[in-house]
Amino acid sequence: MGSLKRKYARNRVKRAQKEIKQQLTMFGKLGNKCDTCEEPYDKKSKEHAMTWNVVVREKENVVRLYCPECWGKANKIIEEFNNDFRIQDETGSLPTEKSQPE
Ligand SMILES: [Zn+2]
């Protein structure tokens with residue numbers, strides 16, 4: 001039992017290391033400017049590290065970088081988009097179960 005458990009744990013560590021390595025590779029792809037407005041990103045800036053947003057799409061092997069302003073705009077668009085869907089849900093005859101749980 002014990003050795004099996006240890007083997008399992010070791011495999012888990014291995015997998016985690018692999019994932020970290022993969023993520024580091026992804027971050028190596030990190031650009032140095034906002035993907036939307038091309039505002040330069042300062043990798044040495046703590047403030048930038050705190051406020052900028054990184055979106056990793058592992059499937060597409062793409063890393064996107066957004067400045068706080070564009071991130072805010074994007075979120076607003078997403079929100080409006082969701083609101084549109086909600087309105088459609090309310091007026092339409094096909095209620096979806098995908099809406100957020102209350
Ligand atoms: Zn931007």
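These legends walk through a few views of a predicted protein model. Residues are numbered from 1 along each chain as its sequence is written. Because this is a predicted model, local features need a pLDDT of at least 70 and side-chain atom pairs count only at pLDDT 80 or more, while totals for chains, interfaces and linings use all residues.

**View 1. The whole chain, read from start to end.** Along the sequence, the protein chain follows the pattern α-α-β-β-α, with three helices and two strands. Helices (H or I, at least four residues) and strands (E, at least two) are DSSP runs, numbered from the N terminus. The average pLDDT, the predictor's confidence in each residue from 0 to 100, is 82, and 80% of the residues score at least 70.

View 2. Strand 1 (residues 53-57) and strand 2 run antiparallel and are joined by five bridges; two strands pair if DSSP finds at least two bridges between them. One place to start is Asn-53, whose bridge partner in strand 2 is Tyr-66. Four residues lie between the two strands, and Asn-61 in the turn has a positive phi of about 60°. Asn-61 is exposed, because 11 other C-beta atoms lie within 10 Å; the cut-offs are 20 or more such atoms for buried, 12 or fewer for exposed, and partly exposed in between, with C-beta atoms placed from the backbone.

**View 3. The largest nonpolar core.** Here you can find Cys-34, Trp-52, Leu-65, Tyr-66 and Cys-67, the five residues of this core. A nonpolar core is a set of buried Ala, Val, Leu, Ile, Met, Phe, Trp, Tyr and Cys residues joined through C-beta atoms within 7 Å. Of the 102 residues of the chain, 5% count as buried. Leaving aside residues up to four places away in sequence, Cys-34 touches Glu-39, Tyr-41, Leu-65, Tyr-66, Cys-67 and Cys-70; contact means C-beta atoms, placed from the backbone, within 7 Å.

**View 4. Arg-64 and its neighbours.** Look for Arg-64 in strand 2 (residues 62-66). Arg-64 counts as partly exposed because it has 17 C-beta neighbours inside 10 Å. Its contacts, not counting residues up to four places away in sequence, are Asp-35 and Val-55. Thr-36 is 28 residues from Arg-64 in sequence, and their C-alpha atoms are 9.2 Å apart.

**View 5. Glu-38 in its loop.** Glu-38 sits in the loop between helix 1 and helix 2. Its phi is near 65°, a positive value in a residue other than glycine. With 11 other C-beta atoms within 10 Å, Glu-38 is exposed.

Notes. Two residues are in contact if their C-beta atoms, placed from the backbone, lie within 7 Å.
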